[in-house]
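Hello,

I am passing on to you the structure that we spoke about, and below it you will find some notes on what turned up in it. Please read them with the structure open beside you.

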Amino acid sequence: MRAQTRVIPGPTVTLSMAAQEFSLDGAFESRSTPVIYDLTGDTDSEPENAVPKISSHKEDRAPFVSTLPHRRPSATFRLPQKRDIASSSEDISVPSRHGTPITQTFLNLKATSQPKTPSPTPSLKRGNVEVVIPSPSQRQQKLFKTLKPVEPLPNGFSDRRFPIETEETEKAARRAYPKVRNVDRSVISFALSPRPMPHTSITPVQSLRYELNQKLKRIKGPEVTFDMDDEKVAMLSANFGFLNEYKLQDGITRADPGFNAGCTCSGPCDPASCDCVEMEEDSDNRIYTYHPSADGQIVLRSDFLKRKRHPRILECNEACGCRGKCWNTAVQRGRSVRLQIFDTGGRGLGLRSPDPIIAGQFIDTYLGEVISKQEADARENVDDKNQSYLFTLDHNRYDGDVIEMYGEDYDDFYVVDGQKFGSPTRFMNHSCNPNCIIAPVYTTNHADHLVYYLAFFALHNIPAGTELTFDYNPNWDGSNKIDPNAVKCLCGEPNCRGQLWPNARKKGRKA
Ligand SMILES: C[S@@+](CC[C@H](N)C(=O)[O-])C[C@H]1O[C@@H](n2cnc3c(N)ncnc32)[C@H](O)[C@@H]1O
């Protein structure tokens, strides 16, 4: 129940408020006559000996209970018998002209009078407790007249300190605000992010797996997944970036498309006459490349696959009579199999496909940073010799066109570094009995002899889930001599050479 609150004008206000009084040590005493609590604290309006002072000292308590005739209560509140005085006291709030609310004073009184250990509930009797609410004494009234009003502390909203009105008016006058647009809110559309928001409670490992998945999702073509433990996921996620195209570094230039040349076929190309089909070096025999497989896919012919050295493949392009719309475009059509990067154990990460792959089917290209030979040498000297991701694009070293353009001794061929950036084929391991081959393929510009694609094709039918491998050293001379410094081959094939490549790599990088 709330206590009644009343402001009574006049020099002295007295609240008479309870059915019983309490002594300052907390013990309730029953009284039949009203008791007056004088909260004024002033001395000039009453006899010297009657000045009450709020104090916690026992000896000061007696004068506080006043029976002064001029302090008779002018208002009396009769409260119910079972009233909880402690709680009702909190509700009383009578404003005072001194600025200090009566509540505060009253609570101070209560604070000093509360016992440490509460007394048992007293027996209640009807009666009055009277509280004198102070009115300013003459001395206090004089003092108030001399006081200047206190300025409120600046809070940022004061007009004087933050003249919002003026500023806003000026802004409006300058037309600094954009015009209000009328928007039909019923037709506002919300663009939803296509990427799902990662859940906030995911662990760091889950986050890395998520990151890796996101990276793999950005690879063009059928899905690429991974199957490896958390440690490998962390390494791969943090240290490798997937590419959909070569990353050309400083100093690498592409041939001007103006030098591009194509076939003169009109309509679908005929392999027997298309200018894009290369001739053997020592004869006019054509080197046939692609043909349609039984299920209609464009795949490399078996006689091409069986060649010891795979010559370049010139695919038809925009400069051709067919406008690049013929069968001679297997690499340009892109990857058609799904891939998975997985942990092989001793040979690190490897690559496989969950799909069966047929002989001659294009798998993917080897991508990476394209860097100068000097840069590649510098990187190779710094990096761990046991790992190499460098492919020199020097397949045309002995090509007549290249010799004519760059000279016989030209050796500054560009190098593809797949260590930090690349495609899934960067994870293909070596095997002495491989199931894939790698061939140089020109797609958009036949004149670009320094930047072409390194394309992987299946050497024979590969069952789903089989690791994809190729020969890192196809020019191996067949000797059984083991270089003690060479990286040991762990392919496990019966014909294993025991090593990946001789340590003197700079003389003949892969491809
Ligand atoms: C192009 S990376 C292949 C991906 C590599 N496994 C990885 O985890 O990043 C070539 C490296 O793989 C390892 N490697 C590939 N084939 C191997 C084999 N048959 N035996 C042992 N290590 C092999 C070698 O360390 C080699 O330098």
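**What was found**

The side chain of Q361 makes a polar contact with the side chain of S336, at 3.0 Å, where a polar contact means a pair of N or O atoms within 3.5 Å, of which, within protein, one must be able to donate a hydrogen and the other to accept it, and residues adjacent in sequence count only if both atoms are side-chain atoms. Q361 sits in the loop between β15 and β16 (362-365), the helices (H or I, at least four residues) and strands (E, at least two) being DSSP runs numbered from the N terminus. With a relative accessibility of 5%, Q361 counts as buried; here buried means under 20% relative accessible area, exposed over 50%, and partly exposed in between, with a 1.4 Å probe and protein chains only.

Before you go further, please note that this is a predicted model, in which local features need pLDDT of at least 70 and side-chain atom pairs count only at pLDDT 80 or more, while totals for chains, interfaces and linings use all residues. Residues are numbered from 1 along each chain as its sequence is written, and side-chain values use heavy atoms, with hydrogens and water left out.

H395 is found in the loop between β18 (390-392) and α11 (400-406), and at 16% relative accessibility H395 counts as buried.

**Salt bridges**

How many salt bridges does the structure hold? There are 19 of them, a salt bridge being a side-chain nitrogen of Lys or Arg within 4 Å of a carboxyl oxygen of Asp or Glu.

One of them joins E223 and R338, whose closest N and O atoms are 3.9 Å apart. E223 lies in the loop between α6 (204-217) and β8 (224-227), and R338 in the loop between α9 (330-333) and β14 (339-343), so this pair ties together parts that are 115 residues apart in sequence. Both ends are partly exposed, E223 at 48% relative accessibility and R338 at 30%.

Another salt bridge is formed by E280 and R307, with the closest N and O atoms 2.6 Å apart. This pair also links distant parts of the chain, since E280 is in the loop between β10 (247-248) and β11 (290-292) and R307 in the loop between α8 (302-305) and β13 (313-314), 27 residues apart. R307 counts as partly exposed, at 26% relative accessibility.

R347 and E467 meet through their side chains in a salt bridge of 2.8 Å, N to O. The two residues are 120 residues apart, R347 in the loop between β14 and β15 (349-352) and E467 in the loop between β23 (453-458) and β24 (469-470). R347 is partly exposed at 26% relative accessibility, whereas E467, at 15%, counts as buried. Elsewhere, salt bridges that share partners join K373, D377, D394, R397 and D411 into one network.

**Cavities**

A search of the whole structure finds three cavities of 30 Å³ or more, a cavity being a set of points, on a 1 Å grid over the protein atoms alone, where a 1.4 Å probe fits but cannot get out, and lining residues having an atom within 4 Å of a point.

**Other places to look**

K420 lies in the loop between β19 (415-417) and β20 (421-422), and K420 is exposed, with a relative accessible area of 52%. K420 and F240 are 180 residues apart in sequence, yet 4.9 Å apart in space, C-alpha to C-alpha.

P494, in the segment after β24, is exposed with a relative accessible area of 82%. Between P494 and C432 there are 8.6 Å in space, C-alpha to C-alpha, and the two are 62 residues apart in sequence.

Finally, R323 has a positive phi of about 60 degrees although it is not a glycine. R323 lies in the loop between β13 and α9 and, at 46% relative accessibility, counts as partly exposed.

Definitions and conventions
On a 1 Å grid over the protein atoms alone, a cavity is a set of points where a 1.4 Å probe fits but cannot get out, and a pocket is an open set with protein on both sides within 12 Å along at least five of seven lines; lining residues have an atom within 4 Å of a point. Grid points are joined across faces, edges and corners, and a volume is the space filled by probe spheres set on the points.
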